[in-house]
Amino acid sequence: MRNALPAYSSVLAVCAHPDDESFGLGAIISTLVDAGSQVSVICFTHGEASTLNGNSSALGELRGTELTAAGQVLGVTQVDLLQYPDGALNIQPLNELRDRISAYSQKIDPAVLLVFDDGGITGHPDHQHATQAALGVAPVLELRVLAWAIPEKVAHVLNDEFSTTFVGRGETELDFAISVDRTRQLEAIRCHHSQSTDNRVLWRRLELLGGTEYLRFLI
């Protein structure tokens, strides 16, 4: 495994929900920004279906505001927040989602797409569908797809302790193990107050990963 990411002038992170850019990709994004990359985010839903800390009719609007604040902390250049239905992104036509990624890419000219691993990390169908959309459009855009992944040993601990469905990767499947400073990620996570205050799985995952994040090329 390599211990440093390639130098990318521009990166487009493809996410299903507000907080994915922070809870999952936050340390990677801040590392890329520190290395000189311009990072943009396309987020397909407002996350309105979340049941963490209760739910309300205004949750989607609140989570959009949280995403804007978190993006500023991470150093994200711009965010395109779309309005596909949270919890039902996986039934949206892939060609439509691919078109949205393609149109946004024309504006920012990314050198690579950054996504969740193709198991969705947690097995969440929305995560998986967002990644599949990126994988579908990447060859047309002539881009590689770089995925955030977690090691099998971390997935096993989380699944044993919380009865979750994390999908991990063996060492031979991982291309990068990079050292990260989580300072800005933790600040960005705090911006997502509605989702982070009672999220034991999140904090345990960060504890298990320590100062390292893992990635793999899907294309």
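Q: How far apart are the end C-alpha atoms of helix α4 (residues 94–108)?
A: In this predicted model, helix α4 holds 15 residues. At 1.5 Å a residue, α4 should span 21 Å. The distance between its end C-alpha atoms agrees with that span, at 21 Å.

Q: Which strands and which helix do the buried residues of α4 pack against?
A: The buried residues of α4 include L97, I101, S105 and I108. An α-helix has 3.6 residues a turn, so residues three or four places apart point the same way. The buried residues of α4 pack against β1 (10–15), β2 (38–45), β3 (78–84), β4 (112–116) and α6 (125–141).

Q: Which strands stand at the edges of the open sheet of 7 strands?
A: The strand order is β3-β2-β1-β4-β5-β7-β6, with mixed pairing. An edge strand here has a single partner strand, so one of its sides is left without a neighbour in the sheet. The strands in that position are β3 and β6 (176–179).

Q: What angle does the direction of α4 make with that of β2?
A: β2 runs parallel to β3, and 5 bridges join them. α4 packs on the sheet and touches β1, β2, β3 and β4. The angle between the directions of α4 and β2 is about 155°.

Q: Is Q185 buried or exposed?
A: Q185 lies in helix α8 (residues 183–191). Not counting residues up to four places away in sequence, Q185 touches S22, F23, G24, G26, A27, L74 and L206. Its relative accessible area is 0%, and the cut-off for a buried residue is under 20%. Q185 is therefore buried.

Methods: Residues numbered from 1 in each chain as written. Predicted model: local features only at pLDDT ≥ 70, side-chain atom pairs only at ≥ 80, totals over all residues. Heavy atoms only, no water. Helix = DSSP H or I, 4+ residues; strand = E, 2+ residues; numbered from the N terminus. Buried < 20%, exposed > 50% of the residue type's maximum accessible area, 1.4 Å probe, protein only. Contact = heavy atoms within 4.5 Å. Expected span 1.5 Å × (residues − 1). Pairing = 2+ DSSP bridges. Axes fitted to C-alpha atoms, helices over the stretch in contact; angles between N-to-C directions.
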